[in-house]
Amino acid sequence: MTGPKSAPENVVDGPQKRRVTGVGRLLIAVYGLLALAATGRSFVQIASKFDQAPLAYSLSALSAVVYIVATIALVRSSGRWYRIAWATISFELLGVLVVGTLSIVDPALFPHDSVWSVFGSGYLFIPLVLPILGMMWLARHRPAGQQARP
């Protein structure tokens, strides 16, 4: 007796199937933790000493928003949220690389650290590694009907 054929494990059929299992849960937990950390850090920085380093503190707030949206997008299983996850995680990687490079090349731009300064060194370089892992995970766990990203 044969049952209905199921979709391959790395492709999600629809809203009833969960994309978030195993390593995906850990990835989402780390994104959620960074979202909380960046939100808290930026709130304290902006509320208490924004005039000392407005660029760095604004970037901390921006990174918090990126981490929040990425966390939500990773949890959702629709094609729309999948594309949002790719966009936010790609933006995150770009931000870490640009801010990390600028914070080393011209430290005067960042008199105080942001989440992405020196490639996330204040967060054990997790902001540098996390988007790469996120992209690898997204590439392997796309919703049904989504083409692979180049």
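**Contacts, burial and packing**

Me: Leaving aside its neighbours within four places in sequence, which residues is Ser-117 in contact with?
Reply: Ser-117 is in contact with Val-99, Ser-103, Phe-110 and His-112, where contact means heavy atoms within 4.5 Å. This is a predicted model, in which local features need pLDDT of at least 70 and side-chain atom pairs count only at pLDDT 80 or more, while totals for chains, interfaces and linings use all residues. Residues are numbered from 1 along each chain as its sequence is written, and side-chain values use heavy atoms, with hydrogens and water left out.

Me: Why is Ser-117 called buried?
Reply: A residue is buried when its relative accessible area is under 20%, exposed when it is over 50%, and partly exposed in between (1.4 Å probe, protein chains only). Ser-117 has a relative accessible area of 2%, and is therefore buried. Ser-117 lies in the loop between H3 and H4, and buried residues make up 38% of the 150 residues in the protein.

Me: What makes up the protein in terms of helices and strands?
Reply: Helices (H or I, at least four residues) and strands (E, at least two) are DSSP runs, numbered from the N terminus. By that rule the protein has four helices and two strands, and from the N terminus on they follow the order β-α-α-α-α-β.

Me: How is the packing of helix H1 and helix H4 described?
Reply: Two packed helices are described by the angle between their axes and the distance between the axes. Axes are lines fitted to C-alpha atoms, for helices over the stretch in contact, and angles run from 0 to 180 degrees between N-to-C directions. For H1 (residues 23–49) and H4 (residues 126–140), the angle is about 145 degrees and the axes are 11 Å apart. Residues making this contact include Leu-27 and Tyr-31 of H1, and Leu-130 and Trp-137 of H4.

Me: Where in the protein is confidence lowest, and where is it highest?
Reply: The pLDDT is the predictor's confidence in each residue, from 0 to 100. On that scale strand S1 (residues 11–12) is lowest, at a mean of 46, and helix H3 (residues 79–105) is highest, at 95. Over residues 5–16 the pLDDT is below 50, although this stretch has 16 contacts in the model beyond near neighbours in sequence. For the protein the mean pLDDT is 85, and 83% of its residues reach 70 or more.
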